[in-house]
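This report goes through one structure piece by piece. Please look at the sequence and the model first, then read on.

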Amino acid sequence: MTGIINSLWAIIEPYWNWLPTLIQDVIIVVLQIAPLLVVIILCVAYLTFWERKIIGWMQNRIGPNRVGPWGLFQPFADTIKLILKEVIVPRDANRFLFLIAPLLSISPALAAWAVVPLFPDFAIADVDAGLLYVLALTSLGVYGVIIAGWATNSKYAFLGAMRSAAQIVSYEIAMGFALVGVLMAGGSLNLGEIVAAQAGPDNSWFLLWLFPLFIVYFISGVAETNRAPFDVAEGESEIVAGFHVEYSGVAFAIFFLAEYANMILIAALTSVMFCGGWDSPFSGIAALEGSMLAAGGLHWLCIKVAFFLFCFLWLRATFPRYRYDQIMRLGWKVFIPVTIVWIFIEGGLALIGVGPWST
Amino acid sequence: MLYGYLPVLIFLGIAIALGVVLLALGLILGGGRKDDEKLSPYECGFEPFEDSRIKFDVRYYLVAILFIIFDLEIAFLFPWAVSLDAIGAFGIIAMAVFLTVLVVGFVYEWKKGALEWD
C-alpha cells in the first residue's frame, strides 16, 4: 500500500512543487474537508435511521427493517426518494428567497465544523477566534428559518417562523452566557486550546466546574435545533410543520439535513467545551498507560458525540411537547438567571484563586 | 495573520456549494407538472381566505429587542472572559458592576411583565 502511494507521489511531486503555495494550501484544505463532510453527511443519514430505530425500540416497535439487512439501507432509499420528488414553489412565494432559505440553514451547520478540534493539535482551521466563529455561525441558522417562513407566504409557515425565531434567539442568550463561562475557564477563544486546558492526567473537564452551564448549554442546544420537547415550531398537530410546510422534495431534505447536522454540531460542541473533546477519561491511570483507552484521539470525540446524540433521541422519546409560554419561561426566567449567577460565582472563585481559571 | 482563516473561507464555500448542488439536483431530477391547485398556499384544503401577511403578536418583537441587548452584553463579556487572568481583581469587580446594572434592568423587565407569555 505505501509502495503504491510512494510511486504515485513520485509522479505527482514535480507538478505539485510547481504549483504556487496558495494553491497547494487550498488543495490540502479541500482534501481535509472532503472526508470530513462525507462523514458528517453519512452520520446525518444514519442518525435519521437510528432515531427511528431507537424510538421504535423505546416504544416496543421494530422500526425500519425492510430496506437491506436490518433496514440499514433505509437512509439511502429516503435520500433517493426525496431527490426524485418535485420541488414545489408556491404561487405567492418569493421564489428567490424561497430557494435561498434552505442554503442558509445548511451552510452554517456544516461550516462550523471548520474549527472543531478533531484530535490532538488538529482542527481544519486552527484559528484563534474559533469560539466567536461558532457563536456567529450558530446564530446564522435563524435567518434560514425566518426567510423560509416569510418567503413561503403562507399563514402556517409565517406563524411557525415567528415562534421558531423567538425561541431560537431566546435560547441563544443562555447559550452565549454558557460560552462566556467556558471562556473564563479556558482563557482562550481557540477551541483547540480549550480542549487542551481540559486534557491531561488530572481530568479537569469543565463539566465539573461548570456543571449548571453544561446542563443549560445542552438543553439550549436542544431548543436551538427545534427538537422535541421544544418543537412547537413544527407542531404537527396544530400548525402542520411550521416554517417548512410548503417545502417539498430536496428543498425539504436540505432543511432536514440542516436540523440533523445541527444536532451533531451541538453534540460535538458540548463534548469539546465541557467534556474534554478528544481527551480520554482514563488518561493518568497507570494500568492503562499506552493503550487506546488512555490515549486521546478522534475515537473519544466520536464516543462522546454519539452519547449526546443518543440523549437527543432519548429526550424526544421520553418527554411530551412543552407549551410555548413554558418554553419562553424556561429560557428567560430559568436559564438566563442561572447562567448569570454562575458567571458571578466564577468571577468570585477567580478572585480568590480557586478552579481552572486561577492559573 | 488572516491566512489562518483561509480554511474557514474554503469550508464556507464548499458548504454553500454542496447546498446549491443538492438543490439543483432536486430541481432537475424532480420534474413534475405544476397546476394551479398544487401551487396555491396550503390551508387545510380550503381556499386561502385572507392575505398571509397578517398581524402578529408584539411580544415577538419585544423578544427580538431584548435579545439584542443581551447579545450585545455577551459580546462585551467575550473579550473580558478571555483576558480574565491579565486584568486581575479590578477587571473582575468592574465587570461585576456592569453585570449588576444589566441584572437590575432584567429584574425591571421581569417585574413589568415583558417576559410573560400567557
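Leaving aside its neighbours within four places in sequence, which residues is A:Ser220 in contact with? The model is a predicted one, and in it A:Ser220 touches A:Tyr171, A:Ala174, A:Met175 and A:Phe335, once neighbours within four places in sequence are left aside. A:Ser220 is part of helix H9 of chain A, which covers residues 211-224. The relative accessibility of A:Ser220 is 0%, so this residue counts as buried.

A:Trp70 sits in the loop between helix H2 (21-58) and helix H3 (74-84) of chain A. With a relative accessible area of 66%, A:Trp70 is exposed. Not counting residues up to four places away in sequence, A:Trp70 touches A:Phe49, A:Lys53, A:Pro64 and A:Asn65. Between A:Trp70 and A:Phe282 there are 212 residues in sequence and 34 Å in space, taken from C-alpha to C-alpha.

**Salt bridges**

Side chains of opposite charge can pair when their charged atoms come close. How many salt bridges does the structure hold over all chains? The number is six.

| Salt bridge | N to O distance |
|---|---|
| A:Glu51 and A:Arg316 | 2.7 Å |
| A:Glu259 and A:Arg227 | 2.9 Å |
| A:Arg321 and A:Asp231 | 2.8 Å |

Take the pair A:Glu51 and A:Arg316, whose side chains meet in a salt bridge. A:Glu51 belongs to helix H2 of chain A and A:Arg316 to helix H11 (residues 298-318) of chain A, so this pair ties together parts that are 265 residues apart in sequence. A:Glu51 is buried, at a relative accessible area of 4%, whereas A:Arg316 is partly exposed, at 39%.

Next comes the salt bridge between A:Glu259 and A:Arg227. This pair links distant parts of the chain, 32 residues apart: A:Glu259 is in helix H10 (residues 249-274) of chain A, and A:Arg227 is in the loop between H9 and H10 of chain A. Both A:Glu259 and A:Arg227 are buried.

The remaining pair in the table is A:Arg321 with A:Asp231. Here too the pair links distant parts of the chain, with A:Arg321 in the loop between H11 and helix H12 (324-352) of chain A, and A:Asp231 in the loop between H9 and H10 of chain A, 90 residues apart. A:Arg321 is partly exposed, having a relative accessible area of 30%, while A:Asp231 is buried, having one of 12%. Salt bridges that share partners join A:Glu51, A:Arg227, A:Glu259 and A:Arg316 into one network.

**Cysteines**

How many disulfides are there over all chains? The count is zero. Two cysteines show why, given that a disulfide needs sulfur atoms within 2.5 Å. For A:Cys43, the closest cysteine sulfur is in A:Cys302, 7.4 Å away, which is too far for a bond. For A:Cys311, the closest cysteine sulfur is in A:Cys275, at 9.9 Å, and this is also too far for a bond. A:Cys43 is partly exposed, with a relative accessible area of 37%, whereas A:Cys311 counts as buried at 12% relative accessibility.

**Where chain B touches chain A**

Chain B has 70 residues in contact with 81 residues of chain A. About 6800 Å² of area is buried between chain B and chain A, and carbon and sulfur atoms give 78% of this. Three residues, B:Phe11, B:Arg53 and B:Phe78, supply 11% of the area that chain B buries against chain A, more than any other three residues.

Which elements give two or more residues to the side of chain B that touches chain A? They are helix H1 (6-30), helix H2 (36-39), helix H3 (58-82) and helix H4 (84-112) of chain B. H1(B) provides the largest share of that side, with 19 residues. Sorted by class, the side of chain B that touches chain A has 48 nonpolar, nine polar and 13 charged residues.

How many salt bridges are there between chain B and chain A? The count is zero. One residue pair is in polar contact between chain B and chain A, with both residues at pLDDT 80 or more.

How values were computed
Residues are numbered from 1 along each chain as its sequence is written. Chains are lettered from A and ligands numbered from 1 in the order in which they are written. Side-chain values use heavy atoms; hydrogens and water are left out. Buried means under 20% relative accessible area, exposed over 50%, partly exposed in between (1.4 Å probe, protein chains only). Contact means heavy atoms within 4.5 Å. Buried area is the accessible area (1.4 Å probe) that two parts lose on being put together, summed over both. A salt bridge is a side-chain nitrogen of Lys or Arg within 4 Å of a carboxyl oxygen of Asp or Glu. A polar contact is a pair of N or O atoms within 3.5 Å; within protein, one must be able to donate a hydrogen and the other to accept it, and residues adjacent in sequence count only if both atoms are side-chain atoms. Helices (H or I, at least four residues) and strands (E, at least two) are DSSP runs, numbered from the N terminus. Ala, Val, Leu, Ile, Met, Phe, Trp, Tyr, Cys and Pro count as nonpolar, Asp, Glu, Lys and Arg as charged, and the others, Gly among them, as polar.
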